[in-house]
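Hello,

Here is the structure you asked about, with the sequence. My notes are below it.

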Amino acid sequence: MIITIDGPAGAGKSAVAQRLAQSLGFKHLDTGAMYRAVALAALEEGLDGDPDGLARRVGQMQVNFDWSSEPPRVQLDGRDVTDAIRTPRVTQATHLAASNPQVRAVLVEQQRRIAAAAGSLVTEGRDQGTVVFPTAEYKFYLDASLQERTRRRAAQWRDQGRAVTLDSLAAQLQRRDDRDRNRGVGPLTIPPGAIVIDTTPLTLQEVVELMRRTVQGQPRVSYTYRGEGTGWFQTLLWTAGRFLLQTIAILFFRVRITGRENIPRHGAALLATNHQSLLDPWLIGIALDRQIHYLARESLFRGGFVQYVFERTNAFPIRRGRADTTAIREAIARLQRGYLVNIFPEATRTVDGTIAPIAAGLAVIIHRARVPLIPVVIEGAFEAWPRGKAWPRLRSIRLHYGRPLPYAELVQLSPDALAVRLRSEMIRLQRQLGSPHAAASQQRFAADWQQGRRRAVAREITA
Ligand code: DC
């Protein structure tokens, strides 16, 4: 099994990779050390102004890790360079190695060879999940605010007895990140399907624990999930289903869908949609290139053809009327695999078209899965098919995908505050869509707020 960890300098990759590897009994590869070793050779041998010479030299260079010590010691052509590659001079010169396409090609090959020999590996760097191991079983992307990364680096340096000034350290980190993000080969980006962890508020131990649980934890659910897009039947179901439902949506409901650009092309996000009618679950999915995962009534999972179809359209069961921790855990697990999951955070369909209080279980999902939240608002579906009516009527419907609320913003909010933030954002979008219910939604919200009924604004935490 390969686990990749990418991210900017100072996000804690090395320390995390080392401990995660230890706790899983895997080997740990610090690919930054390889680039550092090449940079050291460039400085020592006067190849810093000679990219072609450096590329030739790398072809004959031996960078080895001595796994018998912890952390592994680094050797360059048989010489121990573990300490020599950590000097500020080498750090500043790493771009000589990192931005040289031929050097990267050689090191990428070496990294793959090391992985093949190791079997199970935790590997960290900038391009591990994107270029070197695009099919890794688990990919993580660690990030942290520049301020926090500077603070950590400064503490490290002080421990080693080096003098530091925070400003110059921050500027150095920033310069290195910019170079890493903007180079033509193997740039630093979030790999598709990676689990993004903002480590700013977390301790080293918490980050490792979170990752270990992700790798080892099996969602405890009693039905089979085969993975998105696998199997011809699932693909057919989505393609044909989308086509059929799009036709119905346009013919009968003149459905207009906007804001699709707000849905990320890769990676996880939690969609939170206002619930107006039984049409909502499929309205959310028909206009997107990606498949959606969604919660469905448990009674639809009693076996037979219905369950067969539901499982293959990425539905998973939720028991209603009580806290369903299994469903919440499954939503988190799917987000951690990089999927798009939709929930209706008002829990039940609206009775009057207004937006109801938000279930605070939503915050549990966001905080555990660490994903952005995308508010989605549907308008007109309440008129088309209100509660209690057996058949829908012909009315026009609009759906808008709002701008993602980034996790970095959400992590600062308490569960109640997060629910309030989402509810006001949904009301704002409702107004933007020209909904006749927007004013009533706002009044209901204000009334809940003024009466100080925090629990009415943010429903009871259910997990
Ligand atoms: O992780 P580190 O600070 O030891 O990395 C040193 C440099 O090497 C860093 O500035 C970017 C580069 N690097 C890279 O380009 N690709 C990797 N896979 C790892 C590191």
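The notes cover the ligand site and then one histidine.

This is a predicted model, in which local features need pLDDT of at least 70 and side-chain atom pairs count only at pLDDT 80 or more, while totals for chains, interfaces and linings use all residues. Residues are numbered from 1 along each chain as its sequence is written, and side-chain values use heavy atoms, with hydrogens and water left out.

Ligand site

The ligand is surrounded by 15 residues (a residue is near a molecule if one of its heavy atoms lies within 4 Å of it). The closest are Arg-36, Arg-104, Asp-127, Arg-176 and Arg-183. By class, the shell has eight charged, five polar and two nonpolar residues (Asp, Glu, Lys and Arg count as charged; Ala, Val, Leu, Ile, Met, Phe, Trp, Tyr, Cys and Pro as nonpolar; the others, Gly among them, as polar).

Helices α2 (31-44), α4 (88-98) and α8 (166-182) each supply at least two shell residues, and α2 gives the most, with four (helices are DSSP runs of H or I, at least four residues, and strands are runs of E, at least two, numbered from the N terminus).

A polar side-chain atom of Asp-127 lies 2.8 Å from a ligand nitrogen. Ligand oxygen atoms lie 2.8 Å from polar side-chain atoms of Arg-104 and Arg-183. The protein covers 96% of the 450 Å² of accessible area that the ligand has on its own (Shrake-Rupley method, 1.4 Å probe).

His-293

His-293 is in strand β11 (residues 292-297). His-293 counts as buried because its relative accessibility is 0% (buried means under 20%, with a 1.4 Å probe and protein chains only).

Regards

Note on methods: Polar contact = N/O pair within 3.5 Å; in protein donor to acceptor, adjacent residues only side chain to side chain. Buried < 20%, exposed > 50% of the residue type's maximum accessible area, 1.4 Å probe, protein only.
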